[in-house]
Amino acid sequence: MAVDRHTYASADDVRDYLAGTTYSSGWTSDGLTLRRVLESSSRRIDIYCGGGTFGPKTETRSFDIGTGTLIQSPQYLSVGGYGTNDIATTNAYTGNIPLDAWLLSATTVTSYKQTARTESETLTEGSSNDYFLIPYNRSPKTILKLNQDTAKGFYTGQQTLTIAGSWGYTSDTEQITDLNGAVSSTTATTVAVTSATNLGPVQTILVGSEQMYITSISSNNLTVERGVNGTTAATHSDEDGVNIYLYPTIIVQACLDLAKVTFRDRDLGVTQTIGSGEQGITRSSQEAVDILKTLDGYRSVGLSDSVNF
């Protein structure tokens, strides 16, 4: 699986945050340290929230069908034509598949008719087609629901359902600058922009359909990783727009807060208890837990804990 390259604050953001004001332009020596701190803080947020990354990632995810979600054994009260009032169990079938990550949009949904995957059919979204994505009126989506009017279906077996698409919490972007010259190679790692003023290391940018990850900046030249988060490296024309991803404000702040705790502990060390009573200082481990708890509203209630349904 490709490395996640969505980091929710830049190295320059955290330098400003740690400095309490605009940081000195000479503070460049901690670049690699800040990158590790910010990347680990972002992944810690992802793990806590449980829905994947807060920016889009293109990938195909596979699902087992045949236990759990599709075939359940609920209790029911046997009445009427059954002739008794006994509690019993039965297999109940449902056309709802809880997803194991946030889904922004589905490109291709394939239903295989057996584990060997020798036969399949493609499902299409829409009221006159095969499935819906739930919830209807907002994103991200957390359930794939079979249209009751479709002739197609889900089939039991291992990896008998695959969903290719854009996975994540949001795909919102803002154009921040332009390319200053064409990018004529899919392997070039230096990209020139008109202005790098509002860009910083460990930011993900979008040019066309390609995501790039900034590792460092020199003047208006970006050093980048190409084709990250499942996108494909491509060529680009002079003056093509360069966009940054917009993550929820509370996620950005939590990333900065976690980075502060981690960076501070590098120098102070981690102490379980300092002082006592009113003179005590909050332990850094508890401080990090409290930061993550501010994100409880994003925790993925309803997302499956496993791909095995």
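## Buried residues in a predicted model

A residue is called buried when its relative accessible area is under 20%, and in this predicted model glutamine 203 has a relative accessible area of 15%, so glutamine 203 counts as buried. Glutamate 39, at 16% relative accessibility, is likewise counted as buried.

## Glutamine 203 and its surroundings

Glutamine 203 is found in the loop that runs between strand E12 (190–192) and strand E13 (204–207). A polar atom of its side chain lies 2.8 Å from the backbone nitrogen of glycine 200. When residues up to four places away in sequence are not counted, glutamine 203 touches Ser10, Asn198, Met212, Tyr213, Ile214 and Ile244.

## Glutamate 39 in helix H2

Glutamate 39 belongs to helix H2, and its side chain is joined to that of tyrosine 213 by a polar contact of 2.9 Å. With residues up to four places away in sequence again left out, glutamate 39 touches Arg5, Thr7 and Tyr213.

## The nonpolar cores

The largest nonpolar core has 31 residues, and those touching the most other members are Tyr8, Leu38, Ile45, Cys49, Phe54, Ile251 and Leu295. Helices H1 (11–19), H2 (31–49), H3 (249–268) and H4 (284–293) each supply at least two residues of this core, with the largest share, eight residues, coming from H3.

Leaving aside neighbours within four places in sequence, tyrosine 8 has contacts that include Ile45, Phe54, Ile251 and Cys255, as well as Ser42, Arg43 and Asp46. A second, separate core holds 17 residues, among them Ala101, Leu161, Ile163 and Trp167.

Notes. Residues are numbered from 1 along each chain as its sequence is written. This is a predicted model: local features need pLDDT of at least 70, side-chain atom pairs count only at pLDDT 80 or more; totals for chains, interfaces and linings use all residues. Side-chain values use heavy atoms; hydrogens and water are left out. A nonpolar core is a set of buried Ala, Val, Leu, Ile, Met, Phe, Trp, Tyr and Cys residues joined through side-chain atoms within 4.5 Å. Buried means under 20% relative accessible area, exposed over 50%, partly exposed in between (1.4 Å probe, protein chains only). Helices (H or I, at least four residues) and strands (E, at least two) are DSSP runs, numbered from the N terminus. Contact means heavy atoms within 4.5 Å. A polar contact is a pair of N or O atoms within 3.5 Å; within protein, one must be able to donate a hydrogen and the other to accept it, and residues adjacent in sequence count only if both atoms are side-chain atoms.
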